[in-house]
Protein chains: 2
Amino acid sequence: MVDAVENQPPHQVVIVGGGFGGLYAAKALGRSNVNVTLIDKRNFHLFQPLLYQVATGTLSPADISSPLRSVLSKSKNTQVLLGEVNDIDPQGQKVIMGDKEVSYDTLIVATGAKHSYFGKDEWEEFAPGLKTVEDAIEMRRKIFSAFEAAEKESDPLVRRAWLTFVIVGGGPTGVELAGAIAELAYHTMKEDFRNIDTSEAQVILLEGLDRVLPPFAPELSAQAEVSLQKLGVSVQTKTLVTNIEDDIVTLKQGEEIKQIAAKTVLWAAGVKASPVGKVLGERTGVECDRAGRVMVEPDFSIKGYENIFVVGDLANYTQESGRPLPGVAPVAMQAGEYVASVIKHRLQGQTAPQFRYVDHGSLAVIGQNSAVVDLGFIKLTGFFAWLFWLIVHVYFLIEFDNKLVVAIQWFCNYFTRNRGARIITGRESLPSVPIANNGHYSGVKNRQPVNV
Amino acid sequence: MVDAVENQPPHQVVIVGGGFGGLYAAKALGRSNVNVTLIDKRNFHLFQPLLYQVATGTLSPADISSPLRSVLSKSKNTQVLLGEVNDIDPQGQKVIMGDKEVSYDTLIVATGAKHSYFGKDEWEEFAPGLKTVEDAIEMRRKIFSAFEAAEKESDPLVRRAWLTFVIVGGGPTGVELAGAIAELAYHTMKEDFRNIDTSEAQVILLEGLDRVLPPFAPELSAQAEVSLQKLGVSVQTKTLVTNIEDDIVTLKQGEEIKQIAAKTVLWAAGVKASPVGKVLGERTGVECDRAGRVMVEPDFSIKGYENIFVVGDLANYTQESGRPLPGVAPVAMQAGEYVASVIKHRLQGQTAPQFRYVDHGSLAVIGQNSAVVDLGFIKLTGFFAWLFWLIVHVYFLIEFDNKLVVAIQWFCNYFTRNRGARIITGRESLPSVPIANNGHYSGVKNRQPVNV
């Protein structure tokens, strides 16, 4: 069937972004009669759903990262290109990277989303989010440095602020972070300090709606809340954050205004689309939603440009039910694979069947032996949910790369409750804090900066 | 025997530095009737002999790091203090950390060494060394970014410079780095690129003396050189580096001056003692050698201060043979344990037996299935040497922490020849290079900086 085009140059597919959407599209096109160029800023695919385990010292960044070249090395029609796309020329059919250009016949844009502060970008300094490896290392640095600072602190009020961890946002990431920090404080590290009792730490999870894990069934949200409380997390729903400053989080609960003194505030509350969406909107006239996501057609192409597709967190895809597809990894994977099939069908003069999202359910882990799983037809909690979560994640990690090590890391952690990756790296300076004077030592000095 | 002192406050031992010397001293004092404070700049002990595996993408930093608090959590007489010692008051018996002080009855200084450029500190910018986790991540970034830049480069001369890796220094670290980079280029990544053939990379190992691995027996040096050449490394002995600039390394071989165009130059040539040695010299009048190491007495104390000990790479300990002890991990471990025993003996009014270094031999790994081992009574090369090296390193890693994962990582790598940790993180900007224009793409733009 491809005879007719055999003497033409092969069809050029350019994919921007090596996340779940872009990578699954590239893999699905790996053995077809097209040339593929995958462009990404980073040289690796990141398994974002496990980033919170890097932030809390269980896994290393490389455990959840797969070099893109290595994942795609068998696809001889595919090349990987490191760089950032900053403009798109839909008339000239090319993407612009600085002063260079890459031509395409078909373009797939899958640049995803980053965390958003709902217009309060000044909060980022005090409440880092979790989207990149560097975010996770910074979060890890903040969490473990807080315990170190508390160990040295003599003023009980300041020590309490160092031992108070506020997580903003009760979605899966917020729940997972809160559970992991509670386990660190109340189990993993409880023998490690001499001047503080880490079990005095407070872990506070804030959610604006009336329950945690809003996308889940209400009974699972309730179960998750109970499990979190059992772990020691203080769950505060119907709570709006109105301000975040250096050490103070200001909340609104109903009519009441509260303040929490906390040195560690972590952001897990919102996402906004990558700026490539806006660029695409300006160049093609396609509509974007309030979060910057691009409105796509039923085949993920954009209005007026059937050779430009948008998949993953950057796309706003309205299902027949009228609700948009959620911004989760399975949606991106399925959309990426679907678009690859649309392209292959078109090249053979055919039309692909309609896209139908297969919702395999939702998972969130709360702590060791504790998770919630909503598969639609069955809902699991506790140990079996946790085991299910574990198996699913190991399966997806192993698919790409030899990440057996992660499974073994978890297996060891299960029995030892240890977290081998709780190292403070990156920014080398310790927090400057008023220092304790409890007898025989009394201080710490800022450290020299290093070139990281 | 300790009855006489039972009503006195316990003897305070302060250890500065959580490397092999300091940590082994702390562990040996863990169950004795003294209070121990271990001070380190970092919250983890680093297994430095494997740092080159982080730099070349086999292991993650956390795989070779053990949180100090966790290693010492069972020693209830021991506290860990994060911070940097910047002065010592031997008369007042205290160490100074910024504007704070820690009092001691006995002090053990074990702050080690860092790499040295023999007075040419301006070379550091172009030829990073390998002593810290951050150094290793930076080296990893440099190595993998070089292949990425070569992939985009159209000028064959510039591409050749991107694919030229110069390692300065033929000691164990230099040999291990050269072997690992050769394996990356000629095996691991050979399917990963589309525009370059990574087997065209050049890996050049420079050594000033007449053979690599100078501390080893000459026949093992010869064997190592043969193994390196078999792997594809160009070994150049009797070669002095006279200058390092951005892209050019200048060499002197006999009377001949040569230049190599190389974008990646790695430094594995020399060490100098930590600045704490100089401070100690100024405050106590103790002599330091040219490399800044402190001259110590036969029990590792310093002249005139029998309650101050120096161990590890910071100490210059002259053996009966007249030669100083080498700067390797086993020396530091044994010295740390010995000093702990001196302290325990003294507190019981006894004298410890004399220190005798037990030399278990030297090891260096060249590549998969290839190492050299010199145990004195037996010399191994090839596969059995490699297996021996592997077992020794797994043994020491597991001793501290549950680093079984490293063994499994290596086991998997052995069969897959993959290197899962070859991710480019940290500084987020890609090198600015003249860009190829080979048909359908042509460029890359510098990326946005991130807060790491």
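Me: Which residues in α6(A) meet which in α7(A)?
Reply: From α6(A), Val175(A), Ala178(A), Gly179(A), Ala182(A) and Glu183(A) meet Ala224(A), Leu228(A) and Leu231(A) of α7(A). Contact here requires C-beta atoms, placed from the backbone, within 7 Å. By class that is 6 nonpolar, 1 polar and 1 charged residues, with Gly counted as polar and Glu as charged.

Me: What are the ground rules on numbering and confidence?
Reply: Residues count from 1 along each chain as its sequence is written, while chains are lettered from A and ligands numbered from 1 in the order in which they are written. The model is predicted, so local features need pLDDT of at least 70 and side-chain atom pairs count only at pLDDT 80 or more, but totals for chains, interfaces and linings use all residues.

Me: At what angle do the axes of α6 and α7 of chain A cross?
Reply: Roughly 25 degrees, with the axes of α6 (residues 172-188) and α7 (residues 218-231) of chain A coming within 9 Å. That makes α6(A) roughly parallel to α7(A) (angles under 35 degrees count as such).

Me: And the handedness of the α6(A) and α7(A) crossing, left or right?
Reply: Left-handed.

Me: Switching to chain B, which residues of α7(B) does α6(B) meet?
Reply: Ala224(B), Leu228(B) and Leu231(B). α6(B) passes α7(B) in a left-handed crossing.

Me: Different topic. How is chain A divided into domains?
Reply: Domain 1 covers 3-41 + 83-115 + 272-347, and domain 2 covers 121-269; the bounds come from an automatic or database domain assignment. Their C-alpha centres lie 36 Å apart.

Notes
Axes fitted to C-alpha atoms, helices over the stretch in contact; angles between N-to-C directions. Helix = DSSP H or I, 4+ residues; strand = E, 2+ residues; numbered from the N terminus. Parallel < 35°, antiparallel > 145°, perpendicular 65-115°, else oblique. Left-handed = near helix turned anticlockwise from the far one by under 90°. Contact = placed C-beta atoms within 7 Å.
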